[in-house]
Amino acid sequence: SVNKQPIVDNVFTIVSKAKQAIAEYGNDAVVNATIGSLYGEDGKLVALDTVYDSLKNLDNRSMAAYAASFTGNPDFKEQVYDWVLNGNSQLKHEVIATPGGTGAVDMTVSYCLDPGQTLVLPSLAWGSYNLMAQMNNLKTVKYDLFEEDHFNLNSFKKACLSAMEVQDRLVVIINDPCHNPSGYSLSKEEWNEVIAFLNECSKTHSVVLLNDIAYIDFSYQQEKAKEYMNCFDSISDNVVVVIAFSLSKSMTSYGLRCGAAIILAQKEQAVQEVKIVFEKNARATWSNINNGAMNMFVDVMKNHKEKYNEERNQYVSLLKERSDIFVQEAKEVGLKHYPYKEGFFVTLSMDNETRDKYHQALMDQHIYTVKVNNGIRVAVCSLSVDKVKGLAKRMKDIYDQVQ
Ligand code: PLP
């Protein structure tokens, strides 16, 4: 039966509190570290010129028209595959256009498991995974993401094995690189270990690995961040990888609702089995995807790629500058956070009881953050360099007061 509890959206409620505080006390007095979108130093949402110049140059009919197919336009699918895999895969593949990364994740979760079955998730994770599980009547089992400062392979294995005890298949979500909300990225060795283990699991269970790469194009490694995907080449025949790609962050086009699910497997038949179900789901749920957004992506990739990379990379550097300052200062003052490598968020680590007190104490000092499981998320993606400077010390002082 459907859970009739209203959604508690930790982000949007606090965002509005922060806005209220800015109206009351002025922008300089408030630190709004809640917003999970990329903001410029001017305090405004970044909308890349290369993206929006391309979109606005499209013929009106290009935006008015339906897509060419329920699975997305062929040129879009081709460009997505090339952009995401970047020559790092030999596997058979199909691409299905989806409404954002959300569409790709939900479609995989809902069609690869039956109601009552169990989905494997990280315990520190994007909140929507849990809601998707709930709406699809799935149970969840969680793995701890970290053991000290590295990926907790043992906990991952334990969670997978417990799901395998009760069902004939295994569906796991990994959000990498630039994990939301920790900013962790697995090393190639860690990825190899994950794949070796999933291959073991596939001897008795069919396995789907859902890799959510929503933030990949803001990795500090850029092209190199895609190289680990060649480890998928060694999956066994009984493993399917679904990569959830999103234009939201990559193109700064959150509202255009465009993304893709990339299905990878050794055998064409395995790819087709998943594709057929996904295609029917697409047709039955959203019918087809924003044609203008797909055409913009194709145009940017074919005709403006260099400019797009240049423009995006300026913001990748800016994000790195902000996170370097925060992480360095946090280290100096002893403010504890989960292992951060790259990406939109840094998350302070603490138990949930401390978190609740601390979150309120921060708001009392006009610092607005987002509560996550065992942590406080600081969105460095939307804070100017000036606002980041000195923030770790202020946060540490307030932390010491609630202890
Ligand atoms: N995955 C993660 C981890 C996210 O944080 C987000 C957005 O916040 C998404 C996927 C999906 O975003 P969208 O549906 O806008 O592509």
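Me: Is the crossing of helix 2 and helix 11 left-handed or right-handed?
Reply: The model is predicted, so local features need pLDDT of at least 70 and side-chain atom pairs count only at pLDDT 80 or more, whereas totals for chains, interfaces and linings use all residues. Residues are numbered from 1 along each chain as its sequence is written, and side-chain values use heavy atoms, with hydrogens and water left out. A crossing is left-handed if the near helix is turned anticlockwise from the far one by less than a right angle, and right-handed if clockwise. By this rule, the crossing of helix 2 and helix 11 is right-handed.

Me: At what angle do the axes of helix 2 and helix 11 cross?
Reply: Helices (H or I, at least four residues) and strands (E, at least two) are DSSP runs, numbered from the N terminus. Axes are lines fitted to C-alpha atoms, for helices over the stretch in contact, and angles run from 0 to 180 degrees between N-to-C directions. The axes of helix 2 (residues 49–57) and helix 11 (residues 291–303) come within 9 Å, and they cross at roughly 120 degrees.

Me: Which word describes how helix 2 and helix 11 lie to each other?
Reply: Angles under 35 degrees count as roughly parallel, over 145 as roughly antiparallel, 65 to 115 as roughly perpendicular and the rest as oblique. The axes cross at roughly 120 degrees. Helix 2 and helix 11 are therefore oblique.

Me: Which residues of helix 11 make the contact with helix 2?
Reply: Contact means heavy atoms within 4.5 Å. From helix 2, the contact is made by T50, V51, S54 and L55. Their partners in helix 11 are G292, A293, M296, D299 and V300.

Me: How many residues of the contact of helix 2 with helix 11 are charged?
Reply: Ala, Val, Leu, Ile, Met, Phe, Trp, Tyr, Cys and Pro count as nonpolar, Asp, Glu, Lys and Arg as charged, and the others, Gly among them, as polar. The residues of this contact include five nonpolar and three polar. The number of charged residues is one.

Me: Which residues does Q79 touch, not counting residues up to four places away in sequence?
Reply: Q79 is found in helix 4 (residues 74–85). Buried means under 20% relative accessible area, exposed over 50%, partly exposed in between (1.4 Å probe, protein chains only). At 12% relative accessibility, Q79 counts as buried. Once residues up to four places away in sequence are set aside, Q79 touches F297, V298, M301 and K302.

Me: How far apart in space are Q79 and V300, C-alpha to C-alpha?
Reply: In sequence, Q79 and V300 are 221 residues apart. In space, from C-alpha to C-alpha, they are apart by 9.8 Å.

Me: Which residues touch the most other members of the largest nonpolar core?
Reply: A nonpolar core is a set of buried Ala, Val, Leu, Ile, Met, Phe, Trp, Tyr and Cys residues joined through side-chain atoms within 4.5 Å. In soluble globular proteins, nonpolar side chains tend to be buried together. The largest such core here has 142 residues. Those touching the most other members are F156, F232, F326, Y358 and M395.

Me: At what angle do the axes of helix 12 and helix 15 cross?
Reply: Helix 12 spans residues 305–333 and helix 15 spans residues 391–402. Their axes come within 8 Å and cross at roughly 40 degrees.

Me: Which residues of helix 15 does helix 12 meet?
Reply: Helix 12 passes helix 15 in a right-handed crossing. On the side of helix 12, the residues are F326, E329, A330 and V333. In helix 15 they meet L391, A392, K393, M395 and K396.

Me: Is T118 buried or exposed?
Reply: T118 is found in strand 3 (residues 118–122). Beyond residues up to four places away in sequence, T118 touches L113, K139, T140, V141, A163, V166 and Q167. With a relative accessible area of 9%, T118 is buried.

Me: What is the omega of the peptide bond from N180 to P181?
Reply: P181 has its place in the loop between strand 7 and helix 8. The peptide bond from N180 to P181 is cis, with omega near 10 degrees.

Me: What is the phi of R257?
Reply: R257 lies in the loop between helix 9 (247–250) and strand 10 (259–265). It is partly exposed, with a relative accessible area of 35%. Although R257 is not a glycine, its phi is positive, at about 55 degrees.
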